[in-house]
Every structure is written in C-alpha cells, then in structure tokens.
Amino acid sequence: MDTSRLRSVLTGHVDAGAVPGLVALVARGDEVRVEAIGVQHNGGDTPMRRDTIFRMASASKPVTATAVMVLVQECRLRLDDPVDEWLPELADRRVLVGVDSPLDRTVPANRPVTVRDLLTFTWGFGMVLAPPDTHPIQRAMRELGIGSDGTSPYAVEPDEWLRRLGTLPLMCQPGERWLYNTGSDVLGILVARVAGQSFERFLAERFLAERVLDPLGMRDTGFHVPADKLHRLPTSYAHDPQTGALTVWDPAEGGKYSSPPPFAVGGDGLVSTVDDYLAFLRMLLDHGSHAGARILSRAAVELMTTDHLTAAQKSEKDQFDAYFGDHGGFGFGMGVRTRRRGFASAGQFGWDGGLGTSVQADPARQFVGVLLTQAAQDTADTPRLIQDFWTCAYQAIDD
C-alpha cells in the first residue's frame, strides 16, 4: 500500500492553513498505514502523532448505537418497544402541525417513540436547516439551552436536558421523516437509565472495558481526556467567518474535554484516536468479532449497517440531501452508501463529524479509513480535505 500521494495531498491542505495538523489512517486486511502531519497547536512545535487524541464530534454516533445494541442483544431493550418506560419525558407526545408552526399548533402523536426510531433518527425531532430563530421551535430550543452545534457537550445534566426537551412538541410524527442528530443524544440517556449508571460510566466500565476495550484495546476513547494524557490533545479551531483565519474553539488545557462533562453526549461527545477507531470499525467489518472475541452478533451488525429508511422518510430533501445526496441512507447511528457515486462501494458505512473527523468502512473492499483533524467544517477547506483524503485513500489501497 503506497500512501505517498495521500501524504502529499494532505500536507498541502495543512500548509495552506486548512488545519494545523491531522492524523490519517488507511487499513486493508492486516496492512495499516498512518500519516501524522503538522502540529497539535497552531504556531507551536508539538507534532501530530499516531496516538494524538481527537474530539470525535459526530463520529461518536456509531459508538453510541453499538452500546444500545449491546442492551438489545441482552434483551434489556427491544427495537420496537416504546421508550416511555425508560424515558417518561417523551411519553404522550404532541406534534407540530408544521415545523414553522407556533408551539401551540399541535396534534397528538400517532404512536409512541420506539428504540428503533431513535436509532434511525426518525423519532420526530432534530436539527432544523434554517437560519437561527427562523421558526418558533428553533427559538424555543435556544431559550431552553437544548440545541447543539454538533461539536460540544451540553452544559446541563442529562435528566434536566431531557426534561426540557420533553416540554417541546415533536417536529413531525414518529417514523415520518429522518431528522439529524438529537436521536443519539437521547440514546445516551436511554442507555444510562436501562443500565442503572451514567452513560460515561457504562461506556468506560461495562461496554468499552468488558466488550470492546479489552478485546480491541480502545484505551484512549471516552468523554474526556485525563490529566496525564492532555499533552496528546490538540487545540481545536474554528475559522473566522470574515477572514478565514483559524481561531481557538477549544483549548486542550482547561477546555471542554479536559474534565468529565455534566452530560456525556451520545451524539458528539467522545474523544478517541485513529487506532482506537480502527479497532472499532474492524470489529464491525468483521461482523461483530475481533481477534476471536465476539463483541456483537453478526445479525446486530447487519442491522446497524443496513439502510432502514423508506423513500417517505427521506422526503425532507433540504436536510436529507445535505447529508446523503441521492446515494446514501441511514442505519443505526451511521450512514450507509446505497449506490456507488465516486470511489466508495455500495455498502460503505460510517459517519463524519463537525470537527473534521471522517470514519468509514467499505465491506466490498475490506477497507477502513480514519481521518482526524481539529478544525471545524465551517469553511470550504475542511470538506475538500475530507474528499481528497478518501480519493487518495482508495487509490492507496490499490497500490
């Protein structure tokens, strides 16, 4: 496997100022190549390394879905059961007549929200792709402090967050349409209540330790970076909307990820490394097993990595097409490519995050790619960087 072109192209993005640094991994079978380029802090001299710890942003979602499937396999949750027993805040839902309606213009929900609805983001609530405060529901989310920019943990306790969310109507009927993001945040709370411990503790002790960490070696994955590892966490940057210059979004020391958060957010709260995420994706690629250890059943992985959405659920074109175009669908907590358009094969699964993270596995090619950076996807630079990574990664596995 020749990654010289990959390194050259990614170095060009770093030199152009898209990001101060990045770590990229390409793996096929037992062959793994890692390129660590640039520095951890803009203007500094601490180099990016293979074990640099990154904020995973929305690449957290597949891990959260896997935690849910552990409980499903144990028959502590069932996919089509209502979540009312565990999440009474979401019982007896009202639904807006339209997303632009006043909050008191509602009708009763046709049915309860199910576990499957949350896993597939079809439970009736999520992001609104409109300018801030365009609609009453957006203003209410902002005023209640339950909105997310997709890159940071919430500042309230999870039970209080869900209580506030429960005061709002759904944006559409359960099962009607795909709406991004919030389903994973609710799933983290669901796991915590079913497991009888915080989501962070469940992942660290019950899920990662017993099922994933020991077999897979995911020792740098969690919801914050311990003090003795903070030197491996880079500064996170956004881009100034006027000048395009990098500005600090989150420092390493004293930043959002330097201590346990009040809310371990299932949608975007994890930190990890390229090797940790490689182990996770390889487990899914190997139908739920790794190095002789069974993490999930084959059937569970097939469910997670299959497109579950109907044509009607994909009908919110402005939002759905922004994420999938005409060539993708959604499984449990992750995207699934439904037809080939470019280099990736149909069946490729994974997700991207708002801090320049991109994690995908391609079963047809038995290929895993992981790109981790520390800059937000708020300019044209970072999406182009991600696109170039995948173009060069597919070229590399054939060389």
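Analyst: Two strands are said to pair if DSSP finds at least two bridges between them, and strands (E, at least two residues) and helices (H or I, at least four) are DSSP runs, numbered from the N terminus. Here seven strands form an open, antiparallel sheet in the order 2-1-15-14-13-12-11, with strand 2 (31-38) and strand 11 (328-330) as the edge strands, each pairing on one side only. This is a predicted model, in which local features need pLDDT of at least 70 and side-chain atom pairs count only at pLDDT 80 or more, while totals for chains, interfaces and linings use all residues. Residues are numbered from 1 along each chain as its sequence is written, and side-chain values use heavy atoms, with hydrogens and water left out.

User: In which sense do strand 13 and strand 14 pair, and over how many bridges?

Analyst: Strand 13 (residues 349-353) and strand 14 (residues 357-362) pair in the antiparallel sense over five bridges, and in strand 14 the bridge partner of Gly 350 is Gln 360.

User: How should I read the angle at which helix 1 and helix 11 pack?

Analyst: Axes are lines fitted to C-alpha atoms, for helices over the stretch in contact, and angles run from 0 to 180 degrees between N-to-C directions; under 35 degrees counts as roughly parallel, over 145 as roughly antiparallel, 65 to 115 as roughly perpendicular and the rest as oblique. Helix 1 (residues 4-15) and helix 11 (residues 381-397) pack at about 170 degrees, with their axes 9 Å apart, and are therefore roughly antiparallel to each other. Helix 11 also lies across strand 1, strand 13, strand 14 and strand 15, running at about 145 degrees to strand 15.

User: Which residues touch the most other members of the largest nonpolar core?

Analyst: In soluble globular proteins, nonpolar side chains tend to be buried together. A nonpolar core is a set of buried Ala, Val, Leu, Ile, Met, Phe, Trp, Tyr and Cys residues joined through side-chain atoms within 4.5 Å, where buried means under 20% relative accessible area, exposed over 50% and partly exposed in between (1.4 Å probe, protein chains only). Of the 85 residues in the largest such core, Trp 161 and Leu 281 touch the most other members, and helix 8 (residues 274-285) gives the most to this core, with nine residues. Leaving aside neighbours within four places in sequence, Leu 281 is in contact (heavy atoms within 4.5 Å) with residues including Phe 349, Val 359 and Gln 360.
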